[in-house]
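Please keep the sequence and the 3D view at hand while reading.

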Amino acid sequence: MTDAAPRSCVYLDHSATSWPKPPEVVDAVVGAMTVSGANPGRGAYAMALAASRIVFESRRACADLLGVPDARDLAFVSGCTEACNLMLKGLLAPGDRVVVSSMEHNAITRPLHALSLTGVRVDVVRADETGRVHADDFERAVRAEPTRAVICQHASNVTGAIHPVADLADIAHENGALLLVDGAQAVGHLDVDLAVLQVDAYAASGHKGLLGPQGVGVLYLRPGLDATELLQGGTGGGSSEDEAQPQGRPERYEAGTPNTPGIAGLGAAARLLIAHGAEWRAEEQAVFGELKRGLAAIPGVTVLGPAVDEPCAPTLSLVSDRLDCDRIAFELDRRYGIAVRSGLHCAPWAHRTLGTLETGAVRIGVGHGTTRDAAAAVLAALREMLS
Amino acid sequence: MSAEPRRFVAYGFASVHDALAAEDALKAGDVAVTAIPSPRALGESCGIALRIVPQDAEAAESVLARAGLPPRASAEVDDI
């Protein structure tokens, strides 16, 4: 137990995790730990079947939300980081060449570094100084040499820039390569339809824009594209006598007891987003646009990334010529009760691209439930601190 | 207990996901179905099987074929 309840705050760190979670999500998590608290997929008594149903219905809801025709193509994992690791380590082998953007998060760059030590060649395509990835740069790189995979995030966790994933899919496929996407900052905040995007694999966080609890995420693998699993173990399905991991989906990628409470919460969140997502995204974008325009107008403040009115995921980062980013974040919290994140945001490649590797930046993430009052509060605080 | 045990047909599937999807398809097709622990007779099937009365077998298999969820195995089982 902590000795003090957290004080209320103006929460603007949705790029890290969404907060507060919708009550339906919290109720679903509690339900999966109480009335349906058995181990899913392992037994056929009533409570085990109820738990199995939770996982089954949650998978279907996530598939419906993301435009995946067959829910079996979505694997539940511990989060987007595990999804990225499975996607990369399960599909790449020594001797492969990959082409990757310079805006990637450590969830991509660190597995790639590990793979590079085994003989995977990693060629980086640099984004422009605003952090935007250009499809023609990728096309040149992919055409230059045989390429196993093109790797790019869907939206930046630093600038919110939306990358041309559908164009990259065309480029990859025209050149015999796969397109592997980190969608951590896109799902929930953008209208993501994987059938339209034609990606080969897509990693998603469950607890950011999707509004689920922490500790759950999903990996989409298109039909026929089989990754080598990271873990082997009990699945409930297949033959328990068999020494080998079942190869069918989704069990192949889900060894061990799943995070049923997390999956239950994610399923509840997906159902909410199916019902209300368009309206919520419009509201997010309205608040975000207002905030970004206001911040860009503060003297001495530079908002990194695309221009104010370009479409973006509702994330931005800024630097000031008056205060260091860590000081800004600390003062926003201490003096104003405003929660933002300073530093490199687990994305040193992106900050190197943007020219802020040495300084870091202050990141503000808008999400479901962020009000105009919250945007006004951070604007007023930053004007007071930085003017 | 002097009554003869009732006979059922049990279907096994490749995965729990498929078993639950099959249960939904059968219910939607008005086939009475009960989820049961997978009998050993079903061999390499997941831990959940679906049980129906024998007279519904033809209809059930038709529904499952249309749903793209053919059983991995089937066996006759007794009630207890």
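## Two packed helices

In chain A of this predicted model, helix α9 (residues 325–336) packs against helix α11 (residues 372–386) at an angle of about 115°, and their axes are 11 Å apart. An angle and a distance are given together because two packed helices are described by the angle between their axes and the distance between the axes. The crossing in which α9(A) passes α11(A) is right-handed.

Which residues of α9(A) meet α11(A)? They are Ile328(A), Glu331(A), Leu332(A) and Tyr336(A), and their partners in α11(A) are Ala377(A), Ala381(A) and Met385(A). Sorted by class, this contact of α9(A) with α11(A) consists of six nonpolar residues and one charged residue, with no polar ones.

## Chain A as a whole

The secondary structure of chain A amounts to eleven helices and 13 strands. Chain A is as compact as a globular protein of its length, because its radius of gyration of 21 Å is close to the 21 Å that the globule rule gives for 387 residues. Along the principal axes, the C-alpha atoms of chain A fill a box of roughly 70 × 55 × 35 Å.

Of the 387 residues in chain A, 55% are buried. When contacts in chain A with a separation of 6 or more are considered, 72% of them are between residues 24 or more positions apart.

## Two domains in chain A

Chain A is divided into domain 1, which takes in 10–19 together with 278–386, and domain 2, which covers 23–272. The centres of these two domains of chain A, taken over C-alpha atoms, are separated by 27 Å.

Where the domains of chain A meet, 28 residues of domain 1 are in contact with 30 residues of domain 2. On the domain 1 side, α8 (260–296), β10 (315–320) and α10 (348–354) of chain A each supply at least two residues, and the largest share, five residues, comes from α10(A). The residues on this side of domain 1 of chain A divide into twelve nonpolar, 13 polar and three charged.

## Where chain B touches chain A

How many residues of chain B are in contact with chain A? There are 13, and they are in contact with 18 residues of chain A. On the chain B side, α1 (16–28) and β2 (34–37) of chain B each supply at least two residues. By class, the side of chain B that touches chain A has eight nonpolar residues, four polar residues and one charged residue.

How values were computed
Residues are numbered from 1 along each chain as its sequence is written. Chains are lettered from A and ligands numbered from 1 in the order in which they are written. This is a predicted model: local features need pLDDT of at least 70, side-chain atom pairs count only at pLDDT 80 or more; totals for chains, interfaces and linings use all residues. Domain bounds come from an automatic or database domain assignment. Two residues are in contact if their C-beta atoms, placed from the backbone, lie within 7 Å. Helices (H or I, at least four residues) and strands (E, at least two) are DSSP runs, numbered from the N terminus. Ala, Val, Leu, Ile, Met, Phe, Trp, Tyr, Cys and Pro count as nonpolar, Asp, Glu, Lys and Arg as charged, and the others, Gly among them, as polar. Axes are lines fitted to C-alpha atoms, for helices over the stretch in contact, and angles run from 0 to 180 degrees between N-to-C directions. A crossing is left-handed if the near helix is turned anticlockwise from the far one by less than a right angle, and right-handed if clockwise. The radius of gyration is taken over C-alpha atoms; the globule rule is 2.2 Å times the number of residues to the power 0.38. A residue is buried if 20 or more other C-beta atoms lie within 10 Å of its own, exposed if 12 or fewer, and partly exposed in between; C-beta atoms are placed from the backbone.
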